[in-house]
Amino acid sequence: EATLQMIEQAMPDLLILDLLLPRVDGWEILKILRAKATTRDLPILVVTSLGASDAERTLALGADDYLSKPISLSVLTDTVSRLVAEAERRRREAEAEKVAERLLRARRPAAVQEPAQARRRILVVEDNPINLELMVELLACEAYEVYTCGDGRDVMRLAKTHRPDLILLDINLPHI
């Protein structure tokens with residue numbers, strides 16, 4: 001109980017869990033953590049001396065990865081880095097999906113389509129494909145003429161070519 005409370009209070013970016021624990025084994029802890037909404041998405045790396053024979057069962061219970069002792073420092077750091085990065089990517093994607101759902105629910109009905117020459121042109125500059133797709137979909141629903149690019153080097157050329165009424169610009173782009 002103390003361990004579970006500590007995990008929920010600290011909400012670490014990653015939990016490294018041994019399976020051979022006193023009183024309650026790591027599998028039970030894993031089941032409990034995966035059953036709770038607050039810890040369901042917590043990345044869990046199981047590190048144990050049991051060997052690879054229990055890996056399948058452990059992964060099926062919700063561990064994100066499984067390492068058998070002894071472990072080299074490079075394997076441990078690579079695994080931890082990968083799991084933290086994957087969790088962050090999943091968190092960003094889930095956040096983007098929530099925002100998209102809220103925007104779609106709040107979206108007013110599409111305006112009556114104006115003649116092509118009066119349609120507003122928007123240039124979306126975004127290197128994250130999920131964000132780009134979301135913005136294009138939302139803007140297309142409103143009958144905007146949407147142009148896109150994912151690299152800072154192309155912005156000026158596209159702005160001169162399409163003369164947008166608005167540029168939605170990600171400020172953290174590759175190359176420039």
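I started with the sheet ordered E5-E4-E6: three strands, open, with parallel pairing. Two strands count as paired if DSSP finds at least two bridges between them. This is a predicted model, so local features need pLDDT of at least 70 and side-chain atom pairs count only at pLDDT 80 or more, while totals for chains, interfaces and linings use all residues. Residues are numbered from 1 along each chain as its sequence is written, and side-chain values use heavy atoms, with hydrogens and water left out.

Angles are taken between N-to-C directions, from 0 to 180 degrees, on axes fitted to C-alpha atoms (for helices, over the stretch in contact).

I then checked the E4–E6 pair: four bridges join E4 (residues 121–125) to E6, in parallel. Val124 has Leu168 in E6 as its bridge partner.

Which helices sit on this sheet? H5 (residues 129–141) lies across E4, E5 and E6, at about 170 degrees to E5. H6 (residues 155–162) touches E4, E5 and E6 too, and its direction makes about 175 degrees with that of E4. Contact here means heavy atoms within 4.5 Å.

Next, the other sheet. It is an open one of three strands in the order E1-E2-E3, with parallel pairing. E1 and E3 are the edge strands, pairing on one side only. I counted four bridges between E2 (residues 44–48) and E3, and Val46 has Tyr66 as its bridge partner in E3. H2 packs on this sheet, touching E1 and E2, at about 150 degrees to E1.

Lys69 and Pro70 are joined by a cis peptide bond, omega about 0 degrees. Pro70 is in the loop between E3 (65–68) and H4 (73–106).

Met11, in the loop between H1 and E1 (15–17), has a positive phi near 40 degrees without being glycine. Is Met11 exposed, partly exposed or buried? Its relative accessibility is 36%, so partly exposed (buried is under 20% relative accessible area, exposed over 50%, partly exposed in between, with a 1.4 Å probe and protein chains only).

Arg23 also has a positive phi, near 65 degrees, and lies in the loop between E1 and H2. At 86% relative accessibility, Arg23 counts as exposed.

Last, pockets. I noted the rule: on a 1 Å grid over the protein atoms alone, where a 1.4 Å probe fits, a pocket is an open set of points with protein on both sides within 12 Å along at least five of seven lines, and lining residues have an atom within 4 Å of a point.

The largest pocket is lined by 16 residues, with Asp41, Leu42, Ala87, Arg90 and Arg91 nearest its centre.

The second largest pocket has Arg23 again in its lining, along with others including Glu1, Thr3, Pro22 and Ile32. H1 (2–10) and H2 (26–35) are the elements giving two or more residues to that lining.
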